Amino acid sequence: MNPDTAVSNPPQAEEPRVRIFDTTLRDGEQAPGFALDRHAKLRIAQSLEALGVDVLEAGFPQASDEDFSAVREIARQLRQTTVCALARCQSGDIERAAQALDGARRGRIHLFLSTSPLHREHKLGMSRAQVLDTAVAAVARARGLCHEVEFSAEDALRTEPEFLAEVFAAVAAAGAGTLNAPDTVGYATPAEVATLFGYLRERVPAEDVVFSAHCHDDLGLAVANSLAAVGAGARQVECTINGIGERAGNAALEEVVMALRVRAPYYGVGTRIDTRRLHAASQLLSTLTRQPVPRNKAIVGANAFAHESGIHQHGVLRHRGTYEIMRPQDVGVADVPLVLGRHSGRHALRQRLAALGHATDEATLDALFERFKALTARRSEIHDEDLAALALGLDPDAQGPWSIAQLHSASHLGSASASVRLAHEDGRMAAEAAIGEGPVEAMLRAIERATGCPLELTDFQLRAIGEGGDAEGEARLTARHEGRVWHGSAASNDIVEATALAVLSIVNRIAREAAARRAAPAPQGAIA
Ligand code: KIV
Ligand code: ZN
């Protein structure tokens, strides 16, 4: 690969094209910790339609009345995307799926039946012939009720290839337009997947069918296996936002899509996804499920475009292509600052200060670099607001002016309230209360009111430090205030207190910086 072409932005090819089948609301949502209510499902479905997914699997209508209603509502709302409902090869399931899809502009029934010897013997108690007949009868029944039918051979990657080809040929003849070969247990390797798809394409004599991959991530190979399937001719990939799904999850949609885009010359196929919406879709899912996206998650993690090492930062500042294979804007991340840390050099510090409006002469830079290095000895990440504080001659780790005198929070059935009493170093006291969807939102609102400092929360992560009864919760949050991004973190054995302290650390930094600017608009050491 020519490194100069690495930061490429190829147009999205119309054909040949891989269809993106999103199963966030079915395979993703059924995983523990990712449950969503009807309203949340609808919001996600709308964001997936805007993203440009070809098929959206909205649920399994026979599983519950809630699933049925969610599929029906999504089917009625979406106008572009094909809405799909899952069904076992049983008439009750098929009829319920068809009913749920009734109002859909484009609907698809997705049938599944295990084909592997292990599942035939231990799960279904069926012979090969019974599996074949059941699959064919179900496809014929579904085809009578819905224009589009997909058939999935559950545990396909552990099925005898010749039997799988036989089943696929028979269901295609019965009217299935998409033949999905799932690696249900995440067991296969990319070479095996490629071999199987090559074999199926040769052995299934159906002209217009689309072969589809559906890979689980038990060995961390879901995306690699999906791409191997595409390389061998699959033209639909089933995947989920942030890779959520059963056990270790499904192939991550954003990773599959960006691999096909960044390596377009290699794969020779595109998708219809508007990649600039990937980050927002990932954030929406994370917010609604209250599950943080790991910082190092490919494409959508907070570190995905952050360069910390001095050598990397220097390279990126000279030519982005040295260490960047795609642009943050391509996935919808508008302006990613270089995160400075202990590996960052003088050059990166100068550039970042300049980007923040603090041009420095050599002597000032020397002094600031000394203070910057001292700060990195205490902290792993240095954010823009820390640099602004340094440039203004402030101590980024200073406390106050606000501190907590008292706080209280309570939650009940999906709503929460919080009250705070804050002390200002000038002797004032401020007390406020607020409600919110959860204790974090309620606490944020109460502190905003008490301090008069509005904040828009953009990221919130909680993690345990230590184990057992001694564990503390660390709250890390990112918020916007008047167009600027601020970071706060704090730890406590009470997570609401950790959150309040983290919010207050942001409010205090904003207050200190504003006071410093008022006192000395052009302080020594910084030409703002
Ligand atoms: O993993 C799997 O086999 C499935 C099928 C229902 C497609 O999710
Ligand atoms: Zn699955």
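**Zinc, barrel and sheet**

Student: Which residue does Ser419 stand opposite in β11?

Tutor: Ala433. Keep in mind that this is a predicted model, where local features need pLDDT of at least 70 and side-chain atom pairs pLDDT 80 or more, while totals for chains, interfaces and linings use all residues. Residues are numbered from 1 along each chain as written, chains are lettered from A and ligands numbered from 1 in written order, and side-chain values use heavy atoms, leaving out hydrogens and water.

Student: What makes β10 and β11 a pair?

Tutor: Pairing takes at least two DSSP bridges between two strands. Strand β10 (residues 415–424) and β11 have eight, in the antiparallel sense, so they count as paired. Strands here are DSSP runs of E, at least two residues; helices are runs of H or I, at least four, and both are numbered from the N terminus.

Student: Why are β9 and β11 called edge strands?

Tutor: The open sheet has the order β9-β10-β11. β9 (402–412) and β11 (429–436) each have a single partner strand, so one side of each lacks a neighbour in the sheet.

Student: How do you know that helix α17 packs on this sheet?

Tutor: Contact means heavy atoms within 4.5 Å, and α17 (residues 439–451) touches β9, β10 and β11. Its direction makes about 145° with that of β11; such angles run from 0 to 180 degrees between N-to-C directions, with axes fitted to C-alpha atoms, for helices over the stretch in contact.

Student: What about the barrel: how are its strands paired?

Tutor: In parallel, as a closed barrel of eight strands running β1-β2-β3-β4-β5-β6-β7-β8. The twist averages 25° from one strand to the next. Strand β6 (residues 178–183) is joined to β7 by six bridges, and Asn180 has Ser212 in β7 as its bridge partner.

Student: What makes Asp27, His214 and His216 the zinc donors?

Tutor: A donor is an N, O or S atom within 2.8 Å of the metal (3.2 Å for Na, K and Ca); water is not among the atoms, so sites may look incomplete. Asp27 (OD), His214 (NE2) and His216 (NE2) sit at 2.0 to 2.1 Å from the zinc ion (ligand 2), so they qualify. Asp27 is in helix α1 (residues 24–28) and His214 in strand β7 (residues 210–215), so that pair ties together parts 187 residues apart in sequence.
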